[in-house]
Amino acid sequence: MTAITGSAQKIADEFVRAWLGGDVGKALSFVSEDIVCEAPNGRFEGLERYRQFLEPFTRALISSTVIDVLGDDIHAATVYTTETPFAKDFRGIDYLTVENGKITHVISVFDLSPLIQAGGNPQH
């Protein structure tokens, strides 16, 4: 595991561990009101829309593991794997931009096919 050194890296580490641990409120405390998230299932702008994107997935988590958090003072990448009712080894990467101590932009990368194969709705 990489040592946490940059401010974006530290914020990203606390953020990913919070939401993977089921604490959406704590995770969102690291997020800017005007966050923009680009994900395979859409673009989510603003804190409330981002909550609507993150919360259903967080509620579905059975288990999760942070593989690594890499970054510097402005950008960070979180790499994780989760188990959900629709996928046992659901992997994701989030590329985060941090400005003034808050996450302002997220590029979320994950494969929607396990959700679609399970009959889930990828447009939450």
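**Figure 1. Contacts and make-up of the chain in the predicted model.** Of the contacts in the chain with a separation of 6 or more, 48% are between residues 24 or more positions apart. The chain holds four helices and six strands, and their order along the sequence is α-α-β-β-α-β-β-β-β-α. The chain has 124 residues, of which 45% count as buried. Its accessible surface comes to about 6300 Å², and carbon and sulfur atoms account for 52% of that area.

**Figure 2. The ring pair of W19 and Y80.** Six aromatic pairs are found in a search of the whole structure. In the pair formed by W19 and Y80, the ring centres are 5.2 Å apart and the planes stand at 85°, so the pair is edge-to-face; an angle over 60 degrees places a pair in that class. W19 belongs to helix α1 (residues 7–20) and Y80 to strand β4 (residues 75–84), so the pair ties together parts that are 61 residues apart in sequence. W19 counts as buried, because its relative accessibility is 2%. Y80 likewise counts as buried, with a relative accessibility of 4%.

**Figure 3. The ring pair of F57 and F90.** The centres of the rings of F57 and F90 are 5.4 Å apart and the planes make an angle of 45°, so this pair is tilted. F57 lies in helix α3 (residues 47–60), while F90 lies in strand β5 (residues 87–99), so the pair ties together parts that are 33 residues apart in sequence. The relative accessibility of F57 is 14%, so F57 counts as buried; the limit for that class is under 20%. F90 counts as buried at 7%.

**Figure 4. The aromatic cluster.** Which residues do ring pairs link into a cluster? The members are W19, F57, Y80, F90 and F110.

Figure 5. D94 is located in strand β5. Is D94 buried or exposed? Its relative accessible area is 3%, so D94 is buried. Leaving aside residues up to four places away in sequence, D94 touches W19, A76, A77, T78, Y80, V106, I107, S108 and V109.

**Figure 6. Polar contacts of the D94 side chain.** The side chain of D94 makes a polar contact of 3.3 Å with the side chain of Y80. D94 and Y80 are 14 residues apart along the chain, and their C-alpha atoms are separated by 8.8 Å. Another polar contact, of 2.7 Å, joins the side chain of D94 to that of S108.

**Figure 7. Helix α3 and its bend.** Helix α3 has 14 residues. From its first C-alpha to its last, α3 reaches 20 Å, close to the 20 Å expected at 1.5 Å a residue. Where does α3 bend? The bend is at L54 and amounts to about 25°. A proline, P56, follows within four residues. The buried residues of α3 are L47, Y50, F53, L54, F57 and T58.

Notes. Residues numbered from 1 in each chain as written. Predicted model: local features only at pLDDT ≥ 70, side-chain atom pairs only at ≥ 80, totals over all residues. Heavy atoms only, no water. Phe/Tyr/Trp six-rings, centres within 6.5 Å; stacked < 30°, edge-to-face > 60°. Helix = DSSP H or I, 4+ residues; strand = E, 2+ residues; numbered from the N terminus. Buried < 20%, exposed > 50% of the residue type's maximum accessible area, 1.4 Å probe, protein only. Contact = heavy atoms within 4.5 Å. Areas by Shrake-Rupley, 256 points an atom, 1.4 Å probe, with all protein chains shown as cover. Polar contact = N/O pair within 3.5 Å; in protein donor to acceptor, adjacent residues only side chain to side chain. Expected span 1.5 Å × (residues − 1). Bend = angle between axes of the 7 residues up to and from the residue.
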